[in-house]
Amino acid sequence: MALRQLPAIVGGTIGQSFVDLAEVVKKGDLFFWNVKDHGVKGDDSTDDTVALKAAIAASPPASTIVFPPGVYLVNTYIPIPAGRHVLGLGYSKASGAVIKQKNGANITTPAGAVGLFVPPAWVANSTTCDGQILIENMAFDGNRANNPLSTASGIILMNFWSQIKDCYIYDMPRNSVLLTDVGRDDVTVITNTASENKITTTKMNGCGHTGVKQISRSLNSNLDGLMRDCEISYMDQNAIAFDKGSGWTFDNTHTYGIVGTAISVSGCFATKILNSYIEDFGGEGTDGTYYSGIEVSCLDGRGSTIRGNIITGKEEGLSSVYHYIRVNANTGQMNAEAIVADNMLRGLNTDRGTGIVVQHSSGGKMTVTGNDGNIQNIHTKRYVAGGDSFPIDPRDAIVATARKYKTGNQAVTSGDVVAVTLGTTQYNRDPDVFDMETADVIKVLKPGVYTASSSLNFVGGTTGDRTGILTVNGAVVKEFGLAGTDSRPAAAEDLVLAANDTVGLSVYTVGGTSINGSASKDVTLTLTRVGN
């Protein structure tokens, strides 16, 4: 039988397309497989589980399994064979095609994970995933209030080249969508990749765990996918949580009402998180808990990108911590890279927020390039852990400078660490940023990123080790100078400082007898604020 051409679906509106499509869904048409022609009721009272399983199992390969408007009650998972297009004639739960967990069904498995729609390979604990499916314009109702023991998600994919498109998945006990490489027994892991899947223009709402949850037990599956134009709201854990985000693009995601971290992606390698609007992440606000708007853990090799996102946080709880963007190098990853740029971050002016955090796990190093973007009302705009890198973009520079000089000599006892007595001559360009009244140090009044530069000259004593020491709050952060010379070349160090931190100079000598602060050889400490 020849396949029908449907011009209205290609060029008309969605609503008109459904009307035209309904007219050509005929009984006995092998291309369009109408479930209501095979004993399925969809009347919101009949348990359709057995009839629905039989109808779908009997559908020919390459057919479109059509669900007319109605509510289809099920009491267990429904396998969807590969090579099928599942199409609902509607979109909303009020007038479309809805797969609903029946009251009291409490769908679950011994291992826990289960879905309303699942792949046969997952059911069979196969070592290879299933092939392509397309699930389009369907609604899935988890009905969790009437199924308190259920562990169901809406759709499980253990497939490749598959799509979930224009669906509405809500009120699930667990996740809206579960991407996995592990079978129903939670033991058998597939040996192929189950990759290059897509989730687009789908709404997910009010689930017990996460909007889109990915399990990559092999760390080599569920890669290279696309998630675009999705809305995820009121999740009890995360909007998106991925074990392995390599090759994935997350574009134009809107999240709100997320109790925990909004977007959490591990194993990033050529991963892109773009143009998201994340409203009020971390709504739980539990004391002592860390929340992020976007958090990624990166691998060596091809860098990842976080760009053009708008993020707001709740900043609740007396000791909770809010990282608007957190970029981390995975354990042992010494060449992890990312671009963080052009994001807009908005906080609530509490002491719990940090705009951009760059850090690493054990044995790692994280290198970030880009810019701070537009950060407002956030206590600490950026934090870069020791050994990691996020150079200040010139567009983010906020130049404010203070300098303290030493005039005259200061005696030094060989072998002792001695603070340099600064402050006889000083310069303060920005008194709202620096306090120069504290003896021997420069005190900062505003948190931010600062560059500290310093130099020392020694007079007298025998040739030996003579070291300049840059300190923050009395602790050593930089040692500089050359052994056996009187002149200590200038040292520069980028520092992330909090309000009321102090920066000073100390010296350590072997054989030195004094520091020279004469007019021709100034001893100086200069502090410049270069970023928020």
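Reader: How many helices and strands does the chain have?
Author: Helices (H or I, at least four residues) and strands (E, at least two) are taken as DSSP runs, numbered from the N terminus. In this predicted model, local features need pLDDT of at least 70 and side-chain atom pairs count only at pLDDT 80 or more, while totals for chains, interfaces and linings use all residues. Residues are numbered from 1 along each chain as its sequence is written, and side-chain values use heavy atoms, with hydrogens and water left out. On that basis the chain has four helices and 48 strands.

Reader: How are the rings of phenylalanine 31 and phenylalanine 32 arranged?
Author: Rings of Phe, Tyr and Trp (its six-membered ring) pair if their centres lie within 6.5 Å, with planes under 30 degrees apart counted as stacked, over 60 as edge-to-face and the rest as tilted. The structure holds 15 aromatic pairs. In the pair of phenylalanine 31 and phenylalanine 32, the centres are 4.5 Å apart and the planes stand at 70 degrees, so the arrangement is edge-to-face.

Reader: Is phenylalanine 32 buried or exposed?
Author: Buried means under 20% relative accessible area, exposed over 50%, and partly exposed in between (1.4 Å probe, protein chains only). Phenylalanine 32 has a relative accessible area of 3%, so this residue is buried.

Reader: Which residue lies over the face of phenylalanine 390?
Author: A charge sits over a ring if NZ of Lys or CZ of Arg is within 6 Å of the ring centre and within 35 degrees of the ring normal. At 3.9 Å from the ring centre of phenylalanine 390, the residue over the face is arginine 382.
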